[in-house]
Amino acid sequence: MKLKNGFEIRTVCGDTLAIYAGENTVDLQQAILLNETAEYIFRLLLEETSKSELVLALLEKYDISKQQAQNDVEKFVSILSAKGYLV
C-alpha cells in the first residue's frame with residue numbers, strides 16, 4: 001500500500017500537516033494534523049510498503065512494544081484508508 005499521489009507535508013505555525021494537492025488545487029479541508037509518529041508513518045507511505053514493514057520501522061525508531069507499534073500502524077492506516085488516501 002502507499003499514499004495516492006499528490007500529498008505534501010508542510011509545517012505551518014509549528015504544526016506538521018499532510019496536505020493533498022490535486023490537479024491545480026489544494027484542499028485544506030482534507031489536511032491532516034500529524035504528530036511525530038504519524039509523520040514518520042506518513043513519510044514511509046509515500047513509497048509502497050506493507051503494514052509489517054511499518055511496524056518494523058516503528059520498532060527500530062521508537063522504544064515501544066510490538067503491540068503498541070501494531071496498534072499505532074493499524075489505527076493510522078485505518079484512518080487513511082477510510083478517507084480514501086491509500087492505493
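Tutor: Contact here means heavy atoms within 4.5 Å. By that test, Glu47 touches Met1 and Lys2 once residues up to four places away in sequence are set aside. The model is predicted, so local features need pLDDT of at least 70 and side-chain atom pairs pLDDT 80 or more, while totals for chains, interfaces and linings use all residues. Residues are numbered from 1 along each chain as its sequence is written, and side-chain values use heavy atoms, leaving out hydrogens and water.

Student: Where does Glu47 lie, and what makes Glu47 count as exposed?

Tutor: Glu47 lies in the loop between H1 and H2; helices are DSSP runs of H or I with at least four residues, strands are runs of E with at least two, and both are numbered from the N terminus. Exposed means over 50% relative accessible area, buried under 20%, and partly exposed in between, with a 1.4 Å probe and protein chains only. Glu47 has 56% relative accessibility, so Glu47 counts as exposed.

Student: How far apart are Glu47 and Lys66 in sequence and in space?

Tutor: They are 19 residues apart in sequence and 22 Å apart in space, C-alpha to C-alpha.

Student: Why is Thr49 called buried?

Tutor: Thr49 has 11% relative accessibility, which is under the cut-off, so Thr49 counts as buried. Thr49 is also found in the loop between helix H1 (36-44) and helix H2 (51-61). Apart from neighbours within four places in sequence, Thr49 is in contact with Met1, Leu44 and Leu54.

Student: What makes the pair Thr49 and Glu53 a polar contact?

Tutor: A polar contact is a pair of N or O atoms within 3.5 Å; within protein, one must be able to donate a hydrogen and the other to accept it, and residues adjacent in sequence count only if both atoms are side-chain atoms. The side chains of Thr49 and Glu53 are joined at 3.0 Å, and the pair is a polar contact. At the start of H1, a side-chain oxygen of Asn35 comes to within 3.1 Å of the backbone nitrogen of Thr37.

Student: How do you know that the buried residues of H2 line one face?

Tutor: In H2, Leu54, Val55, Ala57 and Leu58 are buried. Down the axis of H2 they fall within an arc of 160°, so they line one face of the helix; the arc is that of the directions from the helix axis to the C-beta atoms. An α-helix has 3.6 residues a turn, so residues three or four places apart point the same way. The buried residues of H2 pack against H1 and helix H3 (66-82). Exposed Leu56 and Glu60 sit on the face of H2 turned away from the buried side.

Student: Which residues of H1 are buried, and why are they said to line one face?

Tutor: They are Ala38, Glu39, Ile41 and Phe42. Their arc about the axis of H1 is within 165°, so they line one face.

Student: Why is Thr16 called buried?

Tutor: Thr16, in strand E2, has a relative accessible area of 13%, so Thr16 is buried. Beyond neighbours within four places in sequence, Thr16 is in contact with Ile9, Arg10, Thr11, Ile32, Leu33, Leu34 and Glu39.
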